[in-house]
Amino acid sequence: MDKKVTVALLLVAMAVHVPAIRLILNQIGFAGLWFELFVMLLGVAFLVLTGIGFQGPQTSANQPSIPARFLLGVLLAALIASLWGVLSDDAVWVWRGTGFCLSATMALLMGFSSRRLLHMGLLLSMVPWALWKMAPEMHSIGQWLASSFAGSILDLGKVFYFAKGNVLGLVSTDFLENDACSGLRFTYPCVLLVMTYGFFRRYPIFRCLYLLVACLFWSIVADGSRIAYHAFIQDGQEAKVSWDLGALPLVIMLSVLFLTWSGDQFYSAFSDQANDKDQESSKETQGHELSSDLDNRESRISSFAAWSVLLGIVGLGGWSISRNQWGHGLDVGQAAATAAVESLRLDPSVAGWTIGPATESAENFSAHFRHTPSWTHREWELTPAESLNGTMKLRVDGIWLRLPKLDWLWRWYGWKIDRVVPAENGSSSFEMKRSIVEEGYVVTKGIRVLGDSSLAGPLVQVSLVLESVRPISQKQRKEQQDLHARMVQAIEQQLRFGAAIDGKNP
Amino acid sequence: MLRFLADLPVRTIAWISDILEIALRFFGSFLDRGNFEDLDRPVGIYGALRRRLSQFFGFVASFVSYPVAGFFYRGQRRRQFLWSIPFCLLGLTVVTGSLLIAFNRERILNRYLARVQNAYTKQDGSRGVRAAMRWIGDSEFANADRKFLYSLVEIQNGNAVTAERILERLSPRDSTGLGIAHFWRASQCLGNLEESKVDASERRELLDDFDWHLERASGVSVGQMAVLESMKAYWDGRLEDAESKYRAVWEADAFQSVGFGALLKKLGKDQEREFVLKTGAARIAEQLRSDPWNRALRNQLTSIYEMLGEWGRAEVVHIEGYKIRRDKESIDAYRAFLERRTEAALREPRDLRELAYCLVKILRTSGASPRVQDVMARSLLRPQEELLGLQKEFNQWLVEGLDLPMVHLSLAFCKGLLGDDTSRDWHFEQAGRYEKEAMGIANPLLGFMQEASKEQGEYHQRMQRWQLGDGSIDPKGP
């Protein structure tokens with residue numbers, strides 16, 4: 001395989017995906033996720049530096065240190081990721097594909113082994129967690145486990161509590177522990193550090209997975225303990241106890257890392273693999289030795305296939321550039337978007353409904369998987385002019401760069417959601433039930449905040465919620481849908497923007 | 001033979017030894033982690049299976065013996081073992097704790113159930129509801145009886161609609177349901193039947209529902225069931241039967257006086273009704289004397305007095321109750337009583353003396369609340385002759401020394417509406433002199449009266465003319 005040709009093609013493949021990378025960087029800037037990005041890059045840099053220190057037998061200048069067949073596999077993974085990203089309009093996957101290309105480039109230039117290439121690629125794939133499509137679901141499952149564990153501790157401590165989905169409430173007080181149960185706060189940096197540690201120690205993939213599982217386990221245990229501690233302090237207090245977190249998050253994070261490392265010691269002691277490093281060193285060397293049979297026929301075929309795949313990645317990037325798929329970027333800053341939502345004002349009455357400020361909702365919290373450093377939530381109460389029956393709540397939640405599943409909030413609070421039904425005007429509605437009598441109906445829609453309609457931009461979720469203990473009639477639902485359409489129109493006019501979009505975009 | 005018997009002990013020992021050796025070899029092979037010489041290595045499917053099995057047993061044995069074996073490790077492995085202690089100890093604690101909770105789930109939920117029962121007994125509805133939240137969504141634990149308990153605490157918590165919905169779900173038409181929920185549904189049907197607006201078809205439907213639920217009702221006292229059966233007889237047109245059944249219940253339980261009185265009224269037996277109510281009141285008053293803390297008895301007694309129209313006696317019973325228990329429930333009961341008394345006084349033909357009394361009392365207990373504003377407008381924005389009559393009654397109450405600040409305040413409004421501005425201001429100042437807080441009540445009341453009198457031109461002008469100052473009163477007076 002001609003290393004220069006391969007590196008040149010890799011550089012071109014990365015260059016054509018620069019717009020997607022820029023978009024992700026814009027999103028990271030908007031969401032204030034620089035710390036997560038820093039930790040990820042720190043991990044990669046650490047692997048690169050330690051890799052430079054660990055040089056195997058040198059190959060010739062034009063001979064790659066990686067077997068062609070392995071390189072082909074990595075590039076195929078990059079192609080699939082990029083293809084998925086381009087087709088699903090998700091720049092995160094393009095980032096991942098490009099991450100593998102970058103790893104391959106560095107590995108070829110610096111003579112790294114295939115294992116190190118894979119490790120760097122995997123680390124570069126770890127885009128900040130909040131940008132993952134699955135982030136709300138992952139947080140939801142993790143939080144459910146953490147809250148359940150906190151519940152077990154409270155049961156052992158004979159503190160009476162109840163659970164509404166992922167959120168705990170105490171029997172002795174009249175509010176939910178929304179803040180304590182708002183998500184796993186330190187899992188992502190822990191996972192990155194554990195991955196880096198495992199890769200640095202050149203552990204086999206099974207052991208890396210074991211460490212990851214241990215890290216996630218201890219994260220959940222630590223978060224559950226934090227919630228339980230919060231509940232212990234709050235139990236029996238009529239008013240909300242405010243307390244300064246101080247260095248607690250850092251202590252918890254260090255505890256998670258220590259326990260994961262302790263788990264690693266257990267693995268070593270139990271399996272008696274004291275000489276892991278030596279074994280892995282020999283494998284690292286093998287990675288170089290494999291390049292000795294580069295000239296055989298099979299290797300040549302693999303090389304041509306790898307170049308073809310690279311050309312495919314280049315073509316894909318070219319295609320997305322020609323469509324200006326990622327060129328739109330974010331045309332509005334986080335501060336401007338937040339200010340626009342914060343300044344929303346609604347008329348005091350609309351179509352026979354009086355709109356007033358809502359008492360603070362019990363079911364509201366600052367989602368940890370949000371896309372802004374601070375969470376924006378507005379809420380109004382809508383009362384029909386004739387009677388107090390059928391009072392609804394209008395919520396504006398956000399700001400999102402990409403809407404999560406529209407029922408995320410209600411699932412978090414333990415509502416069982418019926419099928420989400422999209423409507424012609426872009427809004428969606430769903431029925432929900434909880435415990436034995438609670439019923440609800442929600443009409444919701446994502447609305448862009450400021451900016452040009454043709455660009456991807458920040459969104460807020462505008463929802464009209466009716467909760468009742470009586471079945472909600474078709475007439476009530478229709479009325480709710482009409483009212484929601486009016487409210488959306490009023491909000492869109494204030495945000496000086498006419499288009500609303502559904503949950504699939506941008 | 002003798003030789004055989006002589007060898008027998010030796011042979012027995014040899015057999016036992018052989019058996020032990022075979023057993024040890026067999027079980028020992030499982031614990032031997034594949035430590036086979038190449039020639040001994042088992043081959044074939046059986047051999048592979050045996051090898052895997054032995055590896056598995058070896059793993060389990062190492063795992064179980066790890067906490068002890070670790071202390072015999074040397075060198076780096078010993079260090080690793082020591083550092084793994086936090087992981088093992090905490091991990092074991094977490095897993096054991098979680099398993100402990102999982103296996104004791106029923107016992108824990110029973111603890112919460114007891115909490116709900118306790119809260120219900122102490123009438124702490126909100127806490128009861130929150131404790132019930134732990135198990136109400138658990139379809140296995142929350143059986144019909146427990147759901148019924150939940151509905152009771154919801155009622156205590158003020159969520160009657162939620163409780164009704166639960167009871168409706170507990171008494172479906174398509175399955176058995178819970179007897180007591182059927183009883184509640186039957187009572188609900190009865191309440192609906194007695195509403196005057198029900199037309200013939202609705203009545204038929206309600207009667208059908210009433211019969212259906214009554215047949216399945218259970219879990220309440222015989223007397224309570226007899227009441228419903230008596231009412232069924234009434235609605236079926238068996239009036240004699242209805243009366244005799246209810247009478248039997250009333251004779252056993254004076255608490256049924258109000259209900260029986262209502263039935264007798266429907267049957268047109270007013271004299272008998274009065275006798276029943278008076279007898280019932282005497283019986284309950286007797287019981288209340290021996291148990292003055294009993295709130296149910298007190299409420300029942302006031303209800304009977306109210307039915308008899310003896311508002312003054314009912315008020316005395318309420319005030320007595322408030323003196324015994326100065327809590328929110330007593331205050332609410334008294335306020336509700338005043339509401340009923342005021343409504344009765346406002347009914348045509350009006351009893352002006354009673355109305356003046358109620359207005360003063362309601363002003364005292366509820367301030368300038370929207371409800372008081374409404375009563376004020378309905379009482380004072382009336383024809384001049386009636387207003388003059390009401391003013392006379394206020395003056396009479398003034399002479400009798402009833403709540404002077406509130407009587408002066410009421411008189412100020414009467415005088416203001418009648419156009420006597422000098423007397424209006426004098427009464428207003430007197431009210432402020434007796435109680436400065438009365439001035440605070442006057443402001444929102446005047447605003448409301450100005451708004452409410454818009455349709456009555458003269459009254460409106462007079463109200464508009466009245467400008468209240470900042471509420472400061474010269475202590476020396478005019």
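## What covers helix α6 of chain B

In this predicted model, the cover over the buried residues of α6(B) includes β1 (161-164) and β2 (167-170) of chain A, along with α5 (105-121) and α7 (144-156) of chain B. Buried here means under 20% relative accessible area, with exposed over 50% and partly exposed in between (1.4 Å probe, protein chains only). Helix α6(B) (residues 125-136) has nine of its 12 residues buried, so the rest of the structure largely encloses it. Among them are Arg130(B), Met133(B) and Trp135(B). Helices (H or I, at least four residues) and strands (E, at least two) are DSSP runs, numbered from the N terminus.

## Where the chains meet

Chain A brings 39 residues to the contact and chain B brings 42, counting heavy atoms within 4.5 Å. About 3800 Å² is buried between the two chains, 68% of it from carbon and sulfur atoms; that is accessible area (1.4 Å probe) lost on putting the two parts together, summed over both. Phe160(A), Phe270(A) and Ile436(A) supply 19% of what chain A buries against chain B, more than any other three residues.

Six salt bridges cross this interface, each a side-chain nitrogen of Lys or Arg within 4 Å of a carboxyl oxygen of Asp or Glu. Glu238(A) and Arg127(B) pair up in a salt bridge at 3.8 Å, N to O.

## Numbering and cut-offs

Residues count from 1 along each chain as written, with chains lettered from A and ligands numbered from 1 in written order. Local features need pLDDT of at least 70 and side-chain atom pairs 80 or more, while totals for chains, interfaces and linings use all residues; side-chain values use heavy atoms, leaving out hydrogens and water.
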